Amino acid sequence: MSQNYRLPCSCGQEIVVQTSQAGQNVTCACGRTVEAPRLRELRLLAPAEAVPRTEYRAPVAQVSFPRIIFVLSLIGLVATSLYGGLMFLGLQSLDLGMSEEQLAQRDSETIDKMNLEQLWGAWVSLRSDGLGLEAPPPELINRYRSKQLRGALTTSGIVAAAFATCGAISAAFSLQRKRRR
Ligand SMILES: [Zn+2]
C-alpha cells in the first residue's frame, strides 16, 4: 500500500497525493492543476489516510430491496401453500354424506312412512320447538365446514398467486440490476 500525502492547493483545500504521483500534475477538487512535488519533498507533507478520498467508494449494500421482497414473497408463498394444503386435506377428510336432494328424499320417505299419530306428534314438536332447536345433522355441519374450507382454500390460492407475482417481479428486478453492474 502506497502512502498518501496531503498537498495544499491555493484554494485552501488539500489534494490527496499518492507517492506514485510524485512530480506529476494532480487536479484539485476546485479544478486547479497542481504539480505534486518530487518524492523527497512529498514525504515532508502531512500524511493522509491510505485510501484517497477521490477513490473511496461507499461499500455497496449486499442485501438489495428487491432481494428482501423476493425472500419475503418466497416465505409468504410457502406459508400460504402450506395453509392451502391443510385446507385441502381438511376438505378431503370431510364426510359430506348425502347430497341435499338425497336428504330431502330421505325426509319425505320418512314422512311417507309415518302413521297419522306420528305425523301429528312431529307436527306438534315442529310447532312448539321450531326447526332450529335440534342440533343440525352432521352432514349439514360438514357441508358448512366444507364451504368455509373451500373459501379459505380460494383465499390462500389468491394470496399465494399474489406472493408468486411479487417474487417473480422482484427476481426480475434483481436480475436486471445484476446485469447492469
Ligand atoms: Zn484547489
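1. A residue is called buried if 20 or more other C-beta atoms lie within 10 Å of its own, exposed if 12 or fewer, and partly exposed in between, with C-beta atoms placed from the backbone. Helices (H or I, at least four residues) and strands (E, at least two) are DSSP runs, numbered from the N terminus.

2. Before going on, please keep in mind what kind of model this is. It is a predicted one: local features need pLDDT of at least 70, side-chain atom pairs count only at pLDDT 80 or more, and totals for chains, interfaces and linings use all residues. Residue numbers start from 1 along each chain, as its sequence is written.

3. H2 (residues 65-93) has 29 residues and spans 42 Å from its first C-alpha to its last, close to the 42 Å expected at 1.5 Å a residue. H5 has 43 residues and spans 62 Å, close to an expected 63 Å. The expected span is 1.5 Å times one less than the number of residues in the helix.

4. How do H2 and H5 cross? Their axes come within 8 Å and cross at roughly 160 degrees. Axes here are lines fitted to C-alpha atoms, for helices over the stretch in contact, and angles run from 0 to 180 degrees between N-to-C directions. H2 and H5 are therefore roughly antiparallel to each other; angles under 35 degrees count as roughly parallel, over 145 as roughly antiparallel, 65 to 115 as roughly perpendicular and the rest as oblique. The crossing of H2 past H5 is left-handed, a term used if the near helix is turned anticlockwise from the far one by less than a right angle, with clockwise giving right-handed.

5. Gly167 lies in H5 (residues 138-180), and it counts as buried because it has 20 C-beta neighbours inside 10 Å. Leaving aside neighbours within four places in sequence, Gly167 is in contact with Phe70, Ser73, Leu74 and Leu77; contact requires C-beta atoms, placed from the backbone, to lie within 7 Å. Gly167 and Leu72 are 95 residues apart in sequence, yet 8.0 Å apart in space, C-alpha to C-alpha.

6. Next, the sheet. Three strands form an open sheet in the order E2-E1-E5, with antiparallel pairing; strands pair if DSSP finds at least two bridges between them. The edge strands, E2 (14-18) and E5 (46-48), each pair on one side only. On average, neighbouring strands of this sheet are turned by 45 degrees against each other, direction ignored.

7. Zoom in on E1 (residues 4-8), which pairs with E2 over five bridges in the antiparallel sense. Arg6 has Val16 in E2 as its bridge partner, while Tyr5 stands opposite Val17 in E2. E1 and E2 form a hairpin with five residues between them, and in the turn Gly12 has a positive phi of about 105 degrees.

8. Finally, the whole chain. Its secondary structure comes to five helices and five strands, in the pattern β-β-β-β-α-β-α-α-α-α along the sequence. Of its 181 residues, 9% count as buried. Among contacts between residues at least 6 apart in sequence, 61% join residues at least 24 apart.

Methods. Two residues are in contact if their C-beta atoms, placed from the backbone, lie within 7 Å.
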